Amino acid sequence: MSYQALARQFRPQNFTELVGQEHVSQALMNGLEQGRVHHAFLFTGTRGVGKTTVARILAKAFNCEKGVTGDPCGQCKACTEISEGRFVDLVEVDAASRTGVDDTRELLENVQYAPTSGRYKIYLIDEVHMFSNSSFNALLKTLEEPPPHVKFLLATTEPKKLPVTVLSRCLQFNLKRLSLPQIKGHLQKLLKIQSVEFEDSALELIARAADGSMRDGLSLLDQSLAFGAGSVKENDVKIMLGTMDQNSVVNLLNSIISKDSESLSAHLKQIFEMAPDYARFLSDMALLLHEVSLLQILNSYVDSSQFDRATINTIVKSTSAEQIQLYYQIVIKGQEEINLAPDSKIGFEMTIIRMFAFKIGQPGDLNRNNSQTISQSNTTTSINSVRQNSSPAAMSTTHNINTLKPPQSPVPEAMVQSEPVAVKKYHLKDITEQNWGNIFTQLQLKGTARELARNAHIISNNNGVLVLAIDKQAHAFMTDNAQQKLKVAIENVVTEQISIKLEQDVQVEKTIARTEQIQRDTKVRETKDKVQQNPFVHHMQNNFDAEVIQIKQGQNFLEV
Ligand SMILES: [Zn+2]
């Protein structure tokens, strides 16, 4: 016996066997049972969702020897002949190959003649949007005055390309894309009927790759049966689909999060050796980020995940919700652009490098304005409380107190630090003590030079000579290198020639560092007061003799 593809072998024979299109089958069955039978039907929907399958079942329903029925018998001559594709009164046309008006005319010439053996003569026109204008006109004439023995079943993936005149004469049914569980469940059922050995995870991969199309799902299943010599195994399917082991995706993300460039290039090398489907790899990365995000923000897991929960948990703890959002955006953009890259490997590599290079500011930086910290902090704090502690009870405990945030740096950092910011230039006369905070942000310093600037105070600015005093508490930052960098940075933001002197070991009160310290101390005092006044703390003290022993400043919130 010759091998028959699964999609053909298990084509649904009646409306009840049809998977996932209940809204269509129900409407058709009801119409047929009540004798309300239209003469032209249009089935729309993306590829492989069952448009022609529905049309063929409908053809049986019209021609079953037991009468026009919502439940064709599948046994009679008409039913079996339609199933086997040799029913004389079912004319199947692929419009893509029959676009000329002559073809259509020839096709429709026989419309007037009564059916040879069936009750109705059925024209099933697939991809009908491919018809030319003149073909549509020819079809329209017949649709306007159809002989009573003729039914038109049209199918298309692009109903918008049909003339309104044709659309308005058809009863339209939109078939939905199938969900992953629908496809997976159907494949499972078929394999069980055939007693084929399979791994559940393999079907999951196939169903995901099918992307809403049952036909694609069945073809992939066929392929993997051939590939796996009669069984369906996860590893075989992965190789067949070019999907990487989920560990590769996880490892790559971990080295990005930990900013470990050595491990990143090692993992990339491994991946390149496998030469996977790079677009699919990015799609897997997006899936992983989605799951991490769900847990971070909504504290929920994806039901049928290909990643294990411990892995997701670990990632959740290792980075912020905002950073994951940024990664997701980069990956989605990367998928979009992969076809524009010189080749898909380069497109993939650039996307991963972009994930590595871009870093969002600390979670709290979302609220950059210091004075609005408390009122605006709800989103970030709830994100953080979910991330830090997933038990609901503990969450509510920390939440009330979470709204008291440690003070923000008065020097806001750019959200995405790697994005260059236009530097503002100052006239020499504007280099003043009052302006120092603003000038400092324009210096865009890092490391010790930044600390030096934070601990600096302008003593004088006369005749092109700027004298800065460096607080003695910043003594350790007075390296030659840092001094040099600070000077160059200041020269760069001043429009005129300037010479800079740094004075050491002075007690300076008004530096950025000291101002921040004072703000922090004030905040901590206020926080302590607020904790004492917090209703939950009150409740615990009154009812359970609780004592506040320690108020700890967490990464972005305070916990008791
Ligand atoms: Zn029948």
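This is a predicted model: local features need pLDDT of at least 70, side-chain atom pairs count only at pLDDT 80 or more; totals for chains, interfaces and linings use all residues.
Two strands pair if DSSP finds at least two bridges between them.

**Strand S3 and its partners**

Strand S3 covers residues 121-126. Five bridges join S3 to strand S4, residues 150-156, and the two run parallel. Within this pairing, Tyr123 stands opposite Phe152 in S4. From S3 the chain passes through helix H6, residues 133-144, to reach S4. This β-α-β crossover is right-handed. Strand S2, residues 90-94, also runs parallel to S3, joined by five bridges. Here Glu92 stands opposite Leu124 of S3.

| Strand pair | Bridges | Direction |
|---|---|---|
| S2 (residues 90-94) and S3 | five | parallel |
| S3 and S4 (residues 150-156) | five | parallel |

S3 is mostly covered, with six of its six residues buried. In a regular strand, side chains alternate between the two faces of the sheet. Both faces of S3 are covered. Lys121, Tyr123 and Ile125 are buried on one side. Ile122, Leu124 and Asp126 are buried on the other.

**Nonpolar cores**

The largest nonpolar core has 62 residues. Leu58, Ala59, Leu153, Leu154 and Ile206 have the most contacts inside it. At least three residues of this core come from each of domain 1 (6-174) and domain 2 (180-241). Leu58 touches Leu28, Phe41 and Leu153, leaving aside residues up to four places away in sequence. Another core, of 28 residues, lies apart from the largest one. Its members include Leu282, Val331, Phe348 and Met355.

Conventions:
Residues are numbered from 1 along each chain as its sequence is written. A nonpolar core is a set of buried Ala, Val, Leu, Ile, Met, Phe, Trp, Tyr and Cys residues joined through C-beta atoms within 7 Å. A residue is buried if 20 or more other C-beta atoms lie within 10 Å of its own, exposed if 12 or fewer, and partly exposed in between; C-beta atoms are placed from the backbone. Domain bounds come from an automatic or database domain assignment. Two residues are in contact if their C-beta atoms, placed from the backbone, lie within 7 Å. Helices (H or I, at least four residues) and strands (E, at least two) are DSSP runs, numbered from the N terminus. A crossover is right-handed if, with the strands pointing away from the viewer, the path from the first strand over the helix to the second runs clockwise.
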